[in-house]
Amino acid sequence: MAHGDFIWADLSSYRPEVTRPFYTQLFEWKFDDYAAHVGKTPTAGLFQMPQKFMDMGMPSFWMSYIAVDDVAKAVETADKLGGKVELGSAEFEGGGQYALIRDPLGAGFTVYNGTALAGAAKGTNARLGHTLIVSDANAVMPFYTALFGWEFEAAGHDTFAMQQRGDTIGYLHQIEDPAIRGKEQYWAVLFGVANPDMTGSILNTIGGEVVADIDLPEGPTVVARDPDGAVFFLTQKSGLAGGSMPWKAYLGLAMMLAGLWFGDAVIWAVFLAVWIIMALRDKETWMFETVYQSQRPFLFWSILGLYAVFIAYTMAEVFGAV
């Protein structure tokens, strides 16, 4: 986890006994006391709304977590730049330090330093990304640049890409009209789904609500509310747009051309190995359609096993001919 990276999200809910079953049905999550898991990998947290926020009358909300090198320094910097520190540097259960901060327009987020939140799942039925929705981009961009080192690049009308080490890690959307944005300024959490409309269609049947259908740079999106009113986004899993040159894609294209030109079977074995690694990372693969490990484990492992057999056969043929 590097300074300025998005690392986690959790939900403060008034009724966890209602929202846990909701997200279990929607994403097939499995819960322990705090964390929701995709398979065996944690992806987000869900807990009872803290009493302090209940007393303030805050609605249920999803919170974005951002890694920092020094929580105390982040708190000091945020305070000097016009942010509001809701909760100063404190011990995080499980290890590390955290603080809850609001930017100059009131959008809240959590900064964290430690290892307890490392390795969270991202992708399908998991946290896909984070996006900031405010009324005035110029009022907050210098704040986030000073706090996290982010750079902002215009990415369309009233939309700005957040750049971190040359990659696009999220977007800032300026929406001035509160009738469209809502009265609050906020960080939204995006969850990856294969088909937002199809996933959104079941919301009403399990206690949720579709708020709107929108097109974001991240992909087609359904804005949704859970049974406790917390807003979250269902976004087609296509990855974040923009960022640095897609050198991996160009490298793959070059390898395919080399394989066709030289007839080198090792190239195709390398491709299969990469597909296995990506499938293990994302918990999904593709065989004329997307196959999810959590939904079709036998088919998922059969495909990966067949890839492995092809790799072994290819290597045996190559080295046997030497």
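User: What makes the contact between E209 and R225 a salt bridge?

Analyst: The closest N and O atoms of E209 and R225 are 3.6 Å apart, and a salt bridge is defined as a side-chain nitrogen of Lys or Arg within 4 Å of a carboxyl oxygen of Asp or Glu, so the pair qualifies. Because E209 lies in strand β14 (residues 209-216) and R225 in strand β15 (residues 219-225), the bridge ties together parts that are 16 residues apart in sequence; strands are DSSP runs of E with at least two residues, and helices are runs of H or I with at least four, numbered from the N terminus. This is a predicted model, in which local features need pLDDT of at least 70 and side-chain atom pairs count only at pLDDT 80 or more, while totals for chains, interfaces and linings use all residues. Residues are numbered from 1 along each chain as its sequence is written, and side-chain values use heavy atoms, with hydrogens and water left out.

User: Why is E86 called buried, and why is K84 called partly exposed?

Analyst: Buried means under 20% relative accessible area, exposed over 50%, and partly exposed in between, with a 1.4 Å probe and protein chains only. E86 has a relative accessible area of 11% and is therefore buried, whereas K84, at 49%, counts as partly exposed.
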